[in-house]
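Here is a short tour for a first look.

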Amino acid sequence: MRAVGLHADVIAVTSRAYATACVLVRNGGEAFCIDSPVFPDELEILPAIAEQAGFAVVGVLATHADWDHLLARYAFPEASLGCAESTAARLVNEPGVAQRELRDFDAELYVERPSPLSLPGAQRLPVPGHVEVGTRVLELQPADGHTADGMALWAPWARVLVCGDYLSPLEIPMLSAGGSAAAYLATLARLEPWVEEAEHVVPGHGGPIEGSRAAAVLREDRAYLEALLSAGAEAALPLARRTKTQRGIHERNVARVSA
């Protein structure tokens, strides 16, 4: 696991699993943990990283309801969970799905956890809207398209954007269950003004990147999705993301758009 300070009030943590992002953001005497690393040892050390840096975590936030973004309560079991209304609804409508997918991941890699994943009722955040941290606010925007739910968070005083599973330098746009290319494009349009202002962007996978690189990824992702809608299987993948894994994601995207 790698931890990098992006600002005096922001630490980005990147998991060894899928380069999954977790972000600690603070102001005054309180902090939030956004999303989560994946492996038990990473979650175990996360509170120590926060404490040593002076981040007093009072709550955990999830950008969306995919299982690999919901594990922060292993690290901060007393913290409440906050998420977009769409994510809270997905957790209610898909009871046990995240826990089952986590068990499947753990079984495949022989990972042992101290206890089953507990996801008590989440606090529903207004999106678009904001959530207070200290005397500052994190601005919130809907971020659907990858899935049917989600939110992105903007820390304006730090010029850091936490966007969930968008703008990844490693992954092409992935249309999961409930996602759509049209909704994904709409999310990119909502994110674009923040990307133009951002010093750093933290995508859900791939580690933090500079705002200028994120702007380039956004342009590539928009071009890919527009080509996916018009050309289907013939759509070209972004040059730096043409691995076997990404071609597999593209094939599933084509099937979902065709359906």
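## Burial of a tryptophan

A residue counts as buried when its relative accessible area is under 20%. Trp 194 has a value of 8%, so Trp 194 is buried. Keep in mind that this is a predicted model.

## Aromatic pairs

A pair of aromatic rings is described by two things: the distance of the centres and the angle of the planes. Searching the whole structure gives five aromatic pairs. In one of them, Phe 39 and Phe 105 have ring centres 6.0 Å apart. Their planes stand at 40°, so this pair is tilted. Phe 39 sits in the loop between strand 4 (30–35) and helix 1 (40–53). Phe 105 belongs to helix 4 (residues 97–109). Together with Tyr 18 and Trp 67, they form one aromatic cluster.

Now take Trp 154 and Trp 194. Their ring centres are 6.0 Å apart, with planes at 15°, so the pair is stacked. Trp 154 lies in strand 10 (residues 151–155), while Trp 194 lies in helix 5 (residues 181–197). The pair therefore ties together parts that are 40 residues apart in sequence. Trp 154 is buried too, with a relative accessible area of 3%.

Strand 9 (residues 136–142) pairs with strand 10 in the antiparallel sense, over four bridges. Here Gln 141 stands opposite Ala 152 of strand 10.

## Helix 5 against helix 6

Helix 5 also packs with helix 6 (residues 211–231). Their axes are 10 Å apart, at an angle of about 160°. Angles over 145 degrees count as roughly antiparallel, so helix 5 is roughly antiparallel to helix 6. The crossing of the two is left-handed.

Which residues make the contact? From helix 5 they include Ala 181, Tyr 184, Leu 185, Leu 188 and Val 195. From helix 6 they include Gly 211, Ala 214, Leu 218, Arg 222 and Leu 229.

Terms used
Residues numbered from 1 in each chain as written. Predicted model: local features only at pLDDT ≥ 70, side-chain atom pairs only at ≥ 80, totals over all residues. Heavy atoms only, no water. Phe/Tyr/Trp six-rings, centres within 6.5 Å; stacked < 30°, edge-to-face > 60°. Buried < 20%, exposed > 50% of the residue type's maximum accessible area, 1.4 Å probe, protein only. Pairing = 2+ DSSP bridges. Axes fitted to C-alpha atoms, helices over the stretch in contact; angles between N-to-C directions. Parallel < 35°, antiparallel > 145°, perpendicular 65-115°, else oblique. Left-handed = near helix turned anticlockwise from the far one by under 90°. Contact = heavy atoms within 4.5 Å.
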